[in-house]
Amino acid sequence: TGRRARAEEVLRVLEERCATPIGKLREVADDMTAEMVAGLQAEGASKLKMLVSYVDNLPTGDEKGLFYALDLGGTNFRVLRVQLGGKEGRVLKQEYEEVSIPPHLMVGSSNELFDFIAAALAKFVASEGEDFHLPQGRHRELGFTFSFPVKQSSIASGILIKWTKGFCIDETVGEDVVAELTKAMERQGLDMKVAALVNDTIGTLAGGRYDDSDVIAAVILGTGTNAAYVERAQAIPKLNVVPKSGEMVINMEWGNFWSPHLPMTDYDKALDFDSLNPGEQIYEKLISGMYLGEILRRVLLRMAKEASLFGDIVPSKLEIPFVLRTPHMSAMHHDASPDLKVVGTKLKEVLGIPNTSWKTRKLVVNVCDVIAKRGARIAAAGIYGILKKLGRDTAPTDTASKRRTVIAMDGGLYEHYAIFSKWLQSTLRELLGEEASASVVVKLANDGSGIGAALLAASHSQYL
Ligand code: ADP
Ligand code: MG
């Protein structure tokens, strides 16, 4: 029918605008490399903040003792405790709990948010069993994973630059988040010291390195997206400290990356315009779990309006921003049933659209495919940009060299959206070529960030 043809036309235009031929990806990667160099040069010289993390030593395996970690950076936050037993014992015991953050606290007051977190932490500490040992007279120590852009001035302090991922509490911006948490813990009567303030990406890098000494970078693909890597101190002109190791972990804040080569559509521009942070985090808005489902919703809405894809009336639920979440999208995208039953169910349950035809369902899957493929491919280009910066985009020259390059990955998007992860991996192989990709490994470091923060608390303990 004419309707279908009009909907197919919307898809065709989308496909055209989202195209990521290899040449375009190489340009995106080159821009990533160039922005990295600029960001390391001076504060504010690039959209990439390239934040100095003050982590100059990653875990070695020698870490010992009881440490806590708190991970705040998305819709859930996690508390974790771990008993570390050094080289022999490794992780002796580990426990964690996950708490979801009531949405009103994400846009409320600073005290309310931190009180909520400190209360959950206090409750968790109260449940500490006998398998965990804190030496007499010591305070408990915490690695605080805070996954928003922070300007650090030491390993255990940092000022919030801005909220992202749906958080928006103006009064926290410009404040030291460690001080905010510490005050809240005091209000709860909780005796706990923040030993390290890190980002989930740096936590993942630390946890990844603990598992595999060839880990050189970490990438998060979850609600948001970010990357961190180990840089030579000499390559950081803006560095104001001299790390003994000669290295410094850099938190790229790559979600804010922008390049004129990024394939942007009208849907992306409108999404950005309507967002809490217009003009910011453009790369994140093309790639991450918070936004993929919303891009899909916007395309389907267009198809409903311009091509009456779902009948004469535009389904009212389809007008609600963010109703269609990326996990819904991924469930539809992975639907392998002959009649696309899952797609039908999701359209009905999430969007209130009953009785869709197979052709309509198939069209929805095709839209998912275009959006996920673009996101995965430009994420791969970003990783390739990092490898170029480090000179690890070519095969090790010495034929005897066994050099491996491992990238630790974490985040629900990468973990659960299999089509997305497969696209990312194959695109990275495509960019690197066969020879170079033989020594590059992308490794899922499942919840590496929690344990990583605890490990960094251990390696930065006040009792060392
Ligand atoms: P966070 O990024 O908030 O710290 P996670 O790393 O667990 O948390 O990632 C959660 C995000 O991962 C969700 O917001 C969602 O976008 C994405 N996600 C979770 N499950 C799936 C899924 N099954 N398919 C696709 N994306 C998923
Ligand atoms: Mg996370």
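**Exercise 1. Which residues are the closest to ligand 1, and how many surround ligand 1?**

Solution. Begin with the source: this is a predicted model, in which local features need pLDDT of at least 70, side-chain atom pairs count only at pLDDT 80 or more, and totals for chains, interfaces and linings use all residues. Residues are numbered from 1 along each chain as its sequence is written, chains are lettered from A and ligands numbered from 1 in the order in which they are written, and side-chain values use heavy atoms, with hydrogens and water left out.

Step 1. Apply the cut-off: a residue is near a molecule if one of its heavy atoms lies within 4 Å of it.

Step 2. Ligand 1 is surrounded by 14 residues, and the closest are Thr 223, Gly 289, Ser 330, Gly 411 and Gly 412.

Step 3. Look at pairs of N or O atoms within 3.5 Å, called polar contacts; within protein, one atom must be able to donate a hydrogen and the other to accept it, and residues adjacent in sequence count only if both atoms are side-chain atoms. An oxygen atom of ligand 1 lies 3.1 Å from a backbone N or O atom of Gly 289. A polar backbone atom of Gly 412 is 2.9 Å from an oxygen atom of ligand 1. The side chain of Ser 330 has an N or O atom 2.9 Å from a nitrogen atom of ligand 1.

**Exercise 2. State the confidence scores of the model.**

Solution. The score pLDDT is the predictor's confidence in each residue, from 0 to 100. The protein chain has an average pLDDT of 96, and 99% of the residues score at least 70. The model has an ipTM of 0.99 and a pTM of 0.93.

**Exercise 3. Describe the salt bridge between Asp 62 and Lys 87, then that between Asp 214 and Arg 404.**

Solution. Step 1. A salt bridge is a side-chain nitrogen of Lys or Arg within 4 Å of a carboxyl oxygen of Asp or Glu. By this rule there are 28 salt bridges.

Step 2. Asp 62 and Lys 87 meet through their side chains at 3.1 Å, N to O. Asp 62 lies in the loop between β1 (51-52) and β2 (64-72) and Lys 87 in helix α3 (residues 86-89), so the pair ties together parts 25 residues apart in sequence. Helices (H or I, at least four residues) and strands (E, at least two) are DSSP runs, numbered from the N terminus.

Step 3. Asp 214 and Arg 404 have their closest N and O atoms 2.8 Å apart. Asp 214 is in the loop between α7 (200-211) and β9 (215-221), and Arg 404 is in the loop between α13 (358-389) and β12 (405-410), so this pair ties together parts 190 residues apart in sequence.

Step 4. Classify by relative accessible area: buried means under 20%, exposed over 50%, and partly exposed in between (1.4 Å probe, protein chains only). Asp 214 is partly exposed at 27%, and Arg 404 is partly exposed at 32%.

**Exercise 4. Which residues touch the most other members of the largest nonpolar core?**

Solution. Step 1. A nonpolar core is a set of buried Ala, Val, Leu, Ile, Met, Phe, Trp, Tyr and Cys residues joined through side-chain atoms within 4.5 Å.

Step 2. The largest core has 117 residues, and Leu 221, Met 252, Trp 254, Met 303 and Leu 424 touch the most other members. Helix α13 gives the most to this core, with 17 residues.

Step 3. Apart from this core lies another of 37 residues, among them Phe 148, Val 150, Val 178 and Met 192. In soluble globular proteins, nonpolar side chains tend to be buried together.

**Exercise 5. Is Ile 287 buried or exposed, and is Arg 377 buried or exposed?**

Solution. Step 1. Ile 287 lies in helix α9 (residues 282-287) and is buried, at 0% relative accessibility. Contact means heavy atoms within 4.5 Å. Not counting residues up to four places away in sequence, the contacts of Ile 287 include Leu 221, Ala 379 and Phe 420.

Step 2. Arg 377 lies in helix α13 and is buried, with a relative accessible area of 7%. The side chain of Arg 377 makes a polar contact with that of Glu 430, at 3.1 Å.

**Exercise 6. Where is Leu 340 found?**

Solution. Leu 340 lies in the loop between α11 and α12 (341-351). Leu 340 has a positive phi of about 50° although it is not a glycine. Most residues other than glycine have a negative phi.
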